[in-house]
Amino acid sequence: MKYIFRTPLIFIFISIVIFSSDLLAQGRVPIIDTVFVKQNPDTKMVEINYSIFDLDQDTMVVLLRVSADGGQTFRVPAQSFSGDYGLGIVSGDNHKIYWDAMADYPEHLGENYVVKLWVSDDKIDLTNLIPGGIFNMGMSGGVDNALHSVETDTFWLSPREVTNEEYRLFCDITDHPYPTEGGTNQAPVGYFLNYPQYPVVGVSWWDAIAYCNWLSELAGLDPCYDLTNGDYDSSKTGFHLPTEAQREKAARGDLDQMSYPWGNDSPISRANYNGYSGYLEPLMADFGSGRGPLPVDSLTVNGYFLKNMAGNVWEWCNDWYNRNYYDSSPPSNPLGPETGTEKVVRGGAWNSSDIYIQCAFRERFAPEVKRFDIGFRVAR
(Lines give C-alpha, C1' and ligand atoms only; values in the text may rest on other atoms or scores of the structure.)
Protein backbone atom coordinates (compact mmCIF):
# COMPACT_ATOMS: atom_id res chain seq x y z
CA MET A 1 0.00 0.00 0.00
CA LYS A 2 1.15 3.56 -0.67
CA TYR A 3 -0.15 6.80 0.80
CA ILE A 4 0.77 10.22 -0.69
CA PHE A 5 0.11 13.52 1.06
CA ARG A 6 0.46 17.19 0.06
CA THR A 7 -0.52 20.22 2.10
CA PRO A 8 0.79 23.82 2.03
CA LEU A 9 2.40 23.18 5.43
CA ILE A 10 4.48 20.20 4.41
CA PHE A 11 7.93 21.17 3.26
CA ILE A 12 8.82 17.72 2.01
CA PHE A 13 6.83 15.29 -0.09
CA ILE A 14 6.22 12.11 1.87
CA SER A 15 4.69 8.82 0.89
CA ILE A 16 4.29 5.79 3.11
CA VAL A 17 5.08 2.27 1.97
CA ILE A 18 3.85 -0.31 4.48
CA PHE A 19 5.73 -3.58 4.55
CA SER A 20 4.18 -6.44 6.48
CA SER A 21 4.14 -9.96 5.18
CA ASP A 22 4.15 -13.57 6.31
CA LEU A 23 7.93 -13.43 6.18
CA LEU A 24 7.83 -10.84 8.96
CA ALA A 25 5.05 -12.21 11.15
CA GLN A 26 4.67 -15.22 13.39
CA GLY A 27 0.94 -15.86 13.03
CA ARG A 28 -1.63 -13.73 11.29
CA VAL A 29 -0.10 -10.69 9.61
CA PRO A 30 -0.18 -7.39 11.57
CA ILE A 31 -2.00 -4.59 9.77
CA ILE A 32 -1.05 -0.91 9.66
CA ASP A 33 -3.91 1.36 8.62
CA THR A 34 -5.14 4.98 8.66
CA VAL A 35 -1.75 6.54 8.06
CA PHE A 36 -1.37 10.31 8.11
CA VAL A 37 1.82 12.36 7.88
CA LYS A 38 2.46 16.00 8.61
CA GLN A 39 5.42 18.26 9.27
CA ASN A 40 5.42 21.03 11.83
CA PRO A 41 6.21 24.25 9.93
CA ASP A 42 8.13 25.71 12.86
CA THR A 43 10.12 22.79 14.27
CA LYS A 44 10.19 20.81 10.97
CA MET A 45 9.46 17.71 13.08
CA VAL A 46 7.73 15.05 10.97
CA GLU A 47 4.80 13.31 12.65
CA ILE A 48 3.59 9.96 11.32
CA ASN A 49 0.20 8.89 12.67
CA TYR A 50 -0.93 5.31 12.19
CA SER A 51 -3.23 2.61 13.50
CA ILE A 52 -1.96 -0.92 13.95
CA PHE A 53 -3.73 -4.20 14.62
CA ASP A 54 -2.68 -7.76 15.28
CA LEU A 55 -5.45 -10.36 15.48
CA ASP A 56 -3.26 -12.51 17.74
CA GLN A 57 -2.87 -9.54 20.13
CA ASP A 58 0.91 -9.85 20.01
CA THR A 59 3.12 -6.89 20.72
CA MET A 60 4.89 -5.72 17.59
CA VAL A 61 8.07 -4.20 16.23
CA VAL A 62 7.54 -1.09 14.10
CA LEU A 63 10.55 0.34 12.25
CA LEU A 64 11.02 2.74 9.37
CA ARG A 65 13.51 4.06 6.88
CA VAL A 66 13.55 7.15 4.69
CA SER A 67 14.25 7.61 0.98
CA ALA A 68 15.08 10.90 -0.76
CA ASP A 69 14.67 9.55 -4.31
CA GLY A 70 11.09 8.35 -4.44
CA GLY A 71 11.76 4.96 -2.91
CA GLN A 72 14.55 3.78 -5.23
CA THR A 73 16.99 3.68 -2.32
CA PHE A 74 16.62 4.27 1.41
CA ARG A 75 19.87 6.04 2.26
CA VAL A 76 18.69 9.00 4.35
CA PRO A 77 20.56 8.75 7.70
CA ALA A 78 17.33 8.89 9.69
CA GLN A 79 17.67 7.69 13.26
CA SER A 80 16.13 10.39 15.47
CA PHE A 81 12.82 8.63 16.04
CA SER A 82 10.62 8.79 19.12
CA GLY A 83 7.10 7.88 20.08
CA ASP A 84 5.51 4.58 19.03
CA TYR A 85 8.61 3.26 17.32
CA GLY A 86 10.66 0.13 17.92
CA LEU A 87 9.78 -2.68 20.31
CA GLY A 88 6.62 -3.43 22.28
CA ILE A 89 4.05 -1.64 20.12
CA VAL A 90 0.49 -2.76 20.92
CA SER A 91 -2.65 -2.86 18.77
CA GLY A 92 -4.66 0.34 18.68
CA ASP A 93 -5.43 3.67 17.04
CA ASN A 94 -3.61 6.97 17.12
CA HIS A 95 -0.03 5.76 17.30
CA LYS A 96 2.56 8.44 16.55
CA ILE A 97 6.17 8.33 15.39
CA TYR A 98 8.16 11.57 15.51
CA TRP A 99 11.13 12.03 13.19
CA ASP A 100 13.51 14.92 13.80
CA ALA A 101 14.26 15.45 10.13
CA MET A 102 16.31 18.61 10.65
CA ALA A 103 18.61 16.85 13.12
CA ASP A 104 19.26 13.90 10.82
CA TYR A 105 19.11 15.55 7.40
CA PRO A 106 19.41 19.37 7.60
CA GLU A 107 19.22 21.53 4.47
CA HIS A 108 17.78 18.72 2.36
CA LEU A 109 14.21 19.85 1.79
CA GLY A 110 12.63 18.38 -1.32
CA GLU A 111 9.59 16.80 -2.88
CA ASN A 112 10.48 13.18 -3.42
CA TYR A 113 10.74 11.66 0.02
CA VAL A 114 9.42 8.20 0.89
CA VAL A 115 9.09 6.67 4.34
CA LYS A 116 8.88 2.88 4.55
CA LEU A 117 7.39 1.17 7.60
CA TRP A 118 8.18 -2.39 8.64
CA VAL A 119 5.96 -4.24 11.10
CA SER A 120 6.61 -7.65 12.66
CA ASP A 121 5.09 -9.54 15.57
CA ASP A 122 8.25 -11.58 16.16
CA LYS A 123 9.60 -11.31 19.71
CA ILE A 124 13.14 -10.37 18.80
CA ASP A 125 14.08 -9.21 22.33
CA LEU A 126 12.55 -12.15 24.23
CA THR A 127 14.86 -13.62 26.88
CA ASN A 128 14.51 -16.07 29.78
CA LEU A 129 15.96 -15.50 33.24
CA ILE A 130 18.90 -17.77 34.06
CA PRO A 131 19.54 -17.70 37.82
CA GLY A 132 23.04 -17.10 39.07
CA GLY A 133 24.97 -19.60 41.11
CA ILE A 134 27.80 -22.10 41.17
CA PHE A 135 27.85 -25.05 38.78
CA ASN A 136 30.30 -27.70 37.64
CA MET A 137 31.58 -26.67 34.21
CA GLY A 138 33.28 -29.13 31.89
CA MET A 139 33.50 -32.86 32.36
CA SER A 140 35.52 -35.32 34.38
CA GLY A 141 38.59 -36.40 32.44
CA GLY A 142 38.11 -33.73 29.79
CA VAL A 143 41.12 -32.55 27.79
CA ASP A 144 40.30 -28.94 26.95
CA ASN A 145 37.12 -28.95 29.08
CA ALA A 146 38.29 -30.26 32.45
CA LEU A 147 35.73 -30.23 35.25
CA HIS A 148 35.93 -27.11 37.43
CA SER A 149 33.61 -24.99 39.56
CA VAL A 150 32.29 -21.73 38.10
CA GLU A 151 29.94 -19.09 39.44
CA THR A 152 27.83 -16.92 37.16
CA ASP A 153 25.69 -13.92 38.01
CA THR A 154 22.03 -13.94 37.01
CA PHE A 155 21.63 -13.21 33.30
CA TRP A 156 19.07 -13.43 30.52
CA LEU A 157 19.22 -15.66 27.44
CA SER A 158 17.06 -16.00 24.36
CA PRO A 159 14.93 -19.15 24.59
CA ARG A 160 15.69 -19.94 20.97
CA GLU A 161 18.21 -19.31 18.23
CA VAL A 162 17.96 -16.09 16.22
CA THR A 163 15.67 -16.76 13.26
CA ASN A 164 15.95 -15.91 9.59
CA GLU A 165 13.01 -13.55 10.10
CA GLU A 166 14.69 -11.65 12.91
CA TYR A 167 18.01 -11.42 11.11
CA ARG A 168 16.31 -10.29 7.90
CA LEU A 169 14.69 -7.39 9.75
CA PHE A 170 18.15 -6.34 10.96
CA CYS A 171 19.57 -6.59 7.43
CA ASP A 172 16.73 -4.66 5.80
CA ILE A 173 16.88 -1.83 8.32
CA THR A 174 20.69 -1.49 8.40
CA ASP A 175 21.65 -2.57 4.84
CA HIS A 176 23.67 -5.42 6.32
CA PRO A 177 24.28 -8.13 3.71
CA TYR A 178 22.07 -11.21 3.70
CA PRO A 179 23.84 -14.49 4.56
CA THR A 180 25.68 -16.16 1.69
CA GLU A 181 23.86 -19.12 0.15
CA GLY A 182 24.86 -21.84 -2.31
CA GLY A 183 28.29 -23.39 -2.57
CA THR A 184 30.32 -25.54 -0.23
CA ASN A 185 29.19 -25.58 3.41
CA GLN A 186 26.48 -23.00 2.74
CA ALA A 187 22.71 -23.19 3.00
CA PRO A 188 20.85 -23.84 -0.26
CA VAL A 189 19.67 -20.78 -2.18
CA GLY A 190 16.31 -19.64 -0.82
CA TYR A 191 16.71 -20.88 2.75
CA PHE A 192 17.10 -17.41 4.28
CA LEU A 193 14.00 -15.91 2.67
CA ASN A 194 11.73 -18.94 2.60
CA TYR A 195 12.24 -20.41 6.10
CA PRO A 196 11.48 -17.48 8.42
CA GLN A 197 11.15 -19.44 11.67
CA TYR A 198 14.30 -21.50 11.18
CA PRO A 199 17.69 -20.52 12.62
CA VAL A 200 19.77 -18.09 10.62
CA VAL A 201 23.03 -19.68 9.46
CA GLY A 202 25.94 -18.50 7.36
CA VAL A 203 26.66 -15.66 9.78
CA SER A 204 30.12 -14.90 11.11
CA TRP A 205 30.92 -13.96 14.70
CA TRP A 206 31.27 -10.38 13.44
CA ASP A 207 27.78 -10.52 11.91
CA ALA A 208 26.39 -11.82 15.19
CA ILE A 209 27.85 -9.02 17.32
CA ALA A 210 26.61 -6.41 14.82
CA TYR A 211 23.12 -7.85 15.31
CA CYS A 212 23.58 -7.66 19.10
CA ASN A 213 24.55 -3.98 18.93
CA TRP A 214 21.58 -3.17 16.67
CA LEU A 215 19.15 -4.94 19.01
CA SER A 216 20.66 -3.10 21.98
CA GLU A 217 20.13 0.27 20.31
CA LEU A 218 16.58 -0.68 19.34
CA ALA A 219 15.82 -1.55 22.97
CA GLY A 220 17.41 1.66 24.27
CA LEU A 221 20.35 -0.17 25.86
CA ASP A 222 24.08 0.48 25.73
CA PRO A 223 25.75 -1.59 22.96
CA CYS A 224 28.38 -3.98 24.29
CA TYR A 225 30.74 -4.21 21.31
CA ASP A 226 33.23 -2.03 19.50
CA LEU A 227 32.58 -3.20 15.95
CA THR A 228 35.97 -1.99 14.71
CA ASN A 229 37.93 -4.48 16.81
CA GLY A 230 35.32 -6.73 18.45
CA ASP A 231 36.15 -5.64 21.99
CA TYR A 232 33.42 -6.52 24.49
CA ASP A 233 32.50 -4.26 27.42
CA SER A 234 30.79 -6.36 30.11
CA SER A 235 29.75 -3.22 32.01
CA LYS A 236 27.27 -2.27 29.26
CA THR A 237 23.59 -3.13 29.56
CA GLY A 238 22.93 -4.31 26.02
CA PHE A 239 22.62 -7.64 24.25
CA HIS A 240 25.68 -9.79 23.63
CA LEU A 241 26.65 -13.30 22.73
CA PRO A 242 26.63 -15.55 25.79
CA THR A 243 29.97 -16.24 27.36
CA GLU A 244 31.06 -19.86 27.23
CA ALA A 245 30.28 -20.22 30.94
CA GLN A 246 26.83 -18.68 30.51
CA ARG A 247 26.08 -20.94 27.55
CA GLU A 248 26.99 -24.11 29.47
CA LYS A 249 25.20 -22.98 32.64
CA ALA A 250 22.04 -22.33 30.61
CA ALA A 251 22.32 -25.58 28.64
CA ARG A 252 22.49 -27.66 31.80
CA GLY A 253 19.28 -26.20 33.19
CA ASP A 254 20.30 -27.01 36.77
CA LEU A 255 21.15 -30.64 35.98
CA ASP A 256 24.64 -31.14 37.37
CA GLN A 257 27.23 -33.10 35.36
CA MET A 258 24.70 -34.59 32.95
CA SER A 259 25.65 -35.18 29.33
CA TYR A 260 22.70 -33.38 27.75
CA PRO A 261 20.28 -30.59 28.71
CA TRP A 262 17.63 -33.20 29.62
CA GLY A 263 19.95 -35.65 31.43
CA ASN A 264 21.77 -38.76 30.22
CA ASP A 265 19.02 -40.37 28.12
CA SER A 266 19.65 -41.02 24.45
CA PRO A 267 19.33 -37.90 22.24
CA ILE A 268 17.82 -39.85 19.35
CA SER A 269 14.42 -38.11 19.52
CA ARG A 270 15.35 -35.16 21.73
CA ALA A 271 17.86 -33.17 19.65
CA ASN A 272 18.42 -32.41 15.98
CA TYR A 273 21.79 -34.09 15.31
CA ASN A 274 22.96 -36.57 12.69
CA GLY A 275 21.27 -39.45 14.49
CA TYR A 276 17.91 -37.77 15.10
CA SER A 277 14.91 -39.97 14.45
CA GLY A 278 11.53 -38.52 15.28
CA TYR A 279 8.25 -37.22 13.96
CA LEU A 280 9.76 -33.81 13.07
CA GLU A 281 12.06 -35.16 10.36
CA PRO A 282 9.71 -34.00 7.56
CA LEU A 283 10.11 -30.41 8.81
CA MET A 284 13.87 -30.35 8.27
CA ALA A 285 15.17 -27.83 5.77
CA ASP A 286 16.96 -29.95 3.17
CA PHE A 287 20.65 -29.09 3.28
CA GLY A 288 21.54 -32.41 1.66
CA SER A 289 20.13 -35.93 1.86
CA GLY A 290 17.00 -34.56 3.49
CA ARG A 291 18.85 -33.36 6.62
CA GLY A 292 19.11 -29.84 7.96
CA PRO A 293 17.89 -27.43 10.66
CA LEU A 294 14.46 -27.60 12.28
CA PRO A 295 12.34 -24.57 13.28
CA VAL A 296 13.74 -22.84 16.34
CA ASP A 297 10.73 -23.71 18.52
CA SER A 298 11.05 -27.44 17.89
CA LEU A 299 11.82 -30.22 20.36
CA THR A 300 11.92 -30.32 24.15
CA VAL A 301 12.73 -27.39 26.43
CA ASN A 302 15.26 -27.79 29.23
CA GLY A 303 14.94 -26.75 32.88
CA TYR A 304 15.23 -23.06 31.96
CA PHE A 305 12.64 -23.35 29.16
CA LEU A 306 15.30 -23.02 26.45
CA LYS A 307 15.06 -24.88 23.15
CA ASN A 308 17.73 -26.50 21.00
CA MET A 309 20.52 -26.05 23.53
CA ALA A 310 21.78 -29.32 22.03
CA GLY A 311 21.83 -29.69 18.26
CA ASN A 312 20.12 -27.81 15.41
CA VAL A 313 22.96 -25.30 14.81
CA TRP A 314 26.22 -24.46 16.53
CA GLU A 315 25.99 -21.16 18.39
CA TRP A 316 28.68 -18.48 18.56
CA CYS A 317 29.90 -17.62 22.06
CA ASN A 318 31.59 -14.43 23.18
CA ASP A 319 34.91 -16.04 24.12
CA TRP A 320 38.17 -16.57 22.34
CA TYR A 321 39.24 -20.22 22.41
CA ASN A 322 42.29 -21.42 24.30
CA ARG A 323 42.86 -25.12 24.86
CA ASN A 324 44.31 -24.55 28.35
CA TYR A 325 42.04 -21.72 29.49
CA TYR A 326 40.20 -23.80 32.09
CA ASP A 327 43.47 -24.32 33.97
CA SER A 328 43.61 -20.63 34.93
CA SER A 329 40.12 -19.21 34.33
CA PRO A 330 38.64 -17.10 37.14
CA PRO A 331 36.08 -18.86 39.34
CA SER A 332 33.46 -16.15 38.87
CA ASN A 333 31.99 -14.91 35.55
CA PRO A 334 34.90 -15.92 33.29
CA LEU A 335 35.02 -13.99 30.00
CA GLY A 336 37.54 -16.18 28.21
CA PRO A 337 41.08 -15.37 27.07
CA GLU A 338 41.88 -11.76 26.20
CA THR A 339 43.08 -12.66 22.72
CA GLY A 340 43.01 -15.54 20.28
CA THR A 341 42.47 -16.59 16.68
CA GLU A 342 39.27 -18.63 17.04
CA LYS A 343 35.95 -18.08 18.80
CA VAL A 344 34.13 -20.75 20.78
CA VAL A 345 30.95 -22.33 19.44
CA ARG A 346 28.71 -24.54 21.53
CA GLY A 347 25.80 -26.95 21.24
CA GLY A 348 26.49 -29.01 18.14
CA ALA A 349 24.35 -29.02 15.00
CA TRP A 350 22.06 -30.99 12.73
CA ASN A 351 25.10 -32.66 11.13
CA SER A 352 26.99 -33.39 14.40
CA SER A 353 27.39 -36.71 16.21
CA ASP A 354 26.01 -37.19 19.72
CA ILE A 355 29.41 -36.38 21.29
CA TYR A 356 29.39 -32.85 19.87
CA ILE A 357 25.95 -31.97 21.28
CA GLN A 358 26.92 -32.65 24.89
CA CYS A 359 26.67 -29.72 27.30
CA ALA A 360 30.41 -29.58 27.99
CA PHE A 361 31.71 -30.00 24.44
CA ARG A 362 33.74 -27.11 23.02
CA GLU A 363 34.36 -26.38 19.35
CA ARG A 364 35.91 -23.34 17.72
CA PHE A 365 36.10 -21.49 14.43
CA ALA A 366 37.77 -18.31 13.18
CA PRO A 367 35.39 -15.39 13.76
CA GLU A 368 35.20 -14.72 10.00
CA VAL A 369 33.82 -18.20 9.25
CA LYS A 370 30.32 -18.48 7.78
CA ARG A 371 28.84 -21.98 7.61
CA PHE A 372 25.51 -23.72 7.11
CA ASP A 373 25.64 -25.17 10.62
CA ILE A 374 26.54 -22.07 12.70
CA GLY A 375 24.05 -19.56 14.08
CA PHE A 376 23.66 -17.77 17.41
CA ARG A 377 21.38 -16.63 20.21
CA VAL A 378 21.61 -13.49 22.34
CA ALA A 379 22.14 -12.85 26.05
CA ARG A 380 21.89 -9.89 28.41
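**View 1. The end of helix 2 and the residue after it.** D175 follows helix 2 and has a positive phi, near 65°. Helices here are DSSP runs of H or I with at least four residues, numbered from the N terminus. This is a predicted model, in which local features need pLDDT of at least 70 and side-chain atom pairs count only at pLDDT 80 or more, while totals for chains, interfaces and linings use all residues. Residues are numbered from 1 along each chain as its sequence is written, and side-chain values use heavy atoms, with hydrogens and water left out.

**View 2. An edge-to-face pair, F170 and Y211.** Rings of Phe, Tyr and Trp (its six-membered ring) pair if their centres lie within 6.5 Å; planes under 30 degrees apart are stacked, over 60 edge-to-face, and the rest tilted. The count comes to 25 aromatic pairs. The F170 and Y211 ring centres are 5.5 Å apart with planes at 80°, so this pair is edge-to-face. Because F170 belongs to helix 2 (residues 164–174) and Y211 to helix 4 (residues 205–218), the pair ties together parts 41 residues apart in sequence. Both F170 and Y211 are buried.

**View 3. A stacked pair, Y260 and W262.** The two rings lie 4.9 Å centre to centre, with 10° between the planes. Y260 and W262 are both buried.

**View 4. Charges over rings.** Here NZ of Lys or CZ of Arg is within 6 Å of the ring centre and within 35 degrees of the ring normal. K343 lies over the face of W320, 3.9 Å from the ring centre. The charged end of R380 sits over the F239 ring, 5.7 Å from its centre.

Note on methods:
Helix = DSSP H or I, 4+ residues; strand = E, 2+ residues; numbered from the N terminus. Buried < 20%, exposed > 50% of the residue type's maximum accessible area, 1.4 Å probe, protein only.
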